[in-house]
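Please open the model in your viewer, with the sequence panel beside it, and follow the stops below in order. Each stop says what to select and what is there.

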Amino acid sequence: MLGTDVCKAATDAGFEALPYERARLDITDASAVEAAVRRARPDVVVNCAAWTDVDGAEASPQAALEVNGAGAGNVARAAAGCGAWTIHVSTDYVFDGSKSEPYLEADPVAPLSEYGRSKLEGERAVAREAPEQHTIVRSSWLFGVAGRCFPKTILRLAAERDELTVVDDQVGCPTFTSHLAEALIDLGRTRRLPGVVHVAAAGDCSWFEFAREIVAAAQLPARIRPGTTSEMPRPAPRPAYSVLRSERAGAPLLDDWREGLNQFMALRVAVS
């Protein structure tokens, strides 16, 4: 989902984009990653590859760690080896959600889930393998036209059912991948902020509020009811509050999540 939009954003900005989907390159294979990066000789390597099955990571923590941890380190090591800058995408799930105001880059990390722990290990691996040549971009609640995402799931279920219950006690920043992709290319092209930077949509909402806006935008009749996390438990614990903001000068600022949803709906209609 994100990789597709990053390739488009790079091409639109006048760069040559070299996409490596998993079938061509498994980032857990260190030697293959090194060989691929050496052949490509890129200026910037954007790592959009990840184990993204949050609940699945609880059952397969080692598999998630191999991709999100060691795999991220393999990419950063290979990039640094050829002098390229690494842009690594991380997550709001490295926080425990105990704050009631936006998380900044300097806030202490404390992931609740195996997924969050694997992504945190990836951040550490990138910093270790490319200490002078990396930007770690934490974002949240990604959705986009290519691939599976929350809005697509809600649209499908709302077309099948009269009523949906969605949790209203988890709050974050739904971030449109097209907007994030443009920011990643900007970071690779000119800004190259070292270390960690938070890049997420402006505004915030709960999953319930997000779902309600999705259904309204599609003009579907299904009723959206608020629920609680305790009423609908999942294998992996989620942070109750994971709104991201940046305190770093030069950090990209994204549009409000509602604007991202509007663009998602327009593009989805155009490609359907």
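Predicted model: local features only at pLDDT ≥ 70, side-chain atom pairs only at ≥ 80, totals over all residues.

Residues are numbered from 1 along each chain as its sequence is written, and side-chain values use heavy atoms, with hydrogens and water left out.

**The whole chain**

Begin with the protein chain in cartoon view, where the secondary structure comes to 9 helices and 10 strands; helices (H or I, at least four residues) and strands (E, at least two) are DSSP runs, numbered from the N terminus. The C-alpha trace spans about 55 × 40 × 40 Å along its principal axes. For 272 residues a compact globule would have a radius of gyration near 19 Å, and the 18 Å of this chain agrees with that; the radius is taken over C-alpha atoms, and the globule rule is 2.2 Å times the number of residues to the power 0.38.

Of the 272 residues, 46% count as buried, where buried means under 20% relative accessible area, exposed over 50%, and partly exposed in between (1.4 Å probe, protein chains only). Among contacts with a separation of 6 or more, 84% are made by residues 24 or more positions apart, a contact being heavy atoms within 4.5 Å.

**Helix α2**

Now select residues 30-40, which form helix α2, and show the side chains of Val33, Ala36 and Val37, which are buried. Seen down the axis of α2, the buried residues fall within an arc of 95 degrees, so they line one face of the helix; the arc is that of the directions from the helix axis to the C-beta atoms. On the face turned away from the buried side, look for Ser31, Arg38 and Arg39, which are exposed.

Select Arg41 next, in the loop between α2 and β1 (44-47). With a relative accessibility of 70%, Arg41 counts as exposed. Most residues other than glycine have a negative phi, whereas the phi of Arg41 is positive. Then move to Gln219, in the loop between α8 (207-218) and β10 (223-227), where phi is near 55 degrees, again a positive value in a residue other than glycine. Gln219 counts as exposed, at 73% relative accessibility.

Where does Thr28 lie, and which residues does it touch? Thr28 is in the loop between α1 (2-12) and α2, and, not counting residues up to four places away in sequence, it touches Glu66, Val67 and Asn74. Thr28 counts as partly exposed, with a relative accessibility of 34%.

Finish at Ser118, in helix α5 (residues 114-129), which counts as buried at 1% relative accessibility. Leaving aside residues up to four places away in sequence, Ser118 touches Ala64, Leu65, Asn68 and Gly69.
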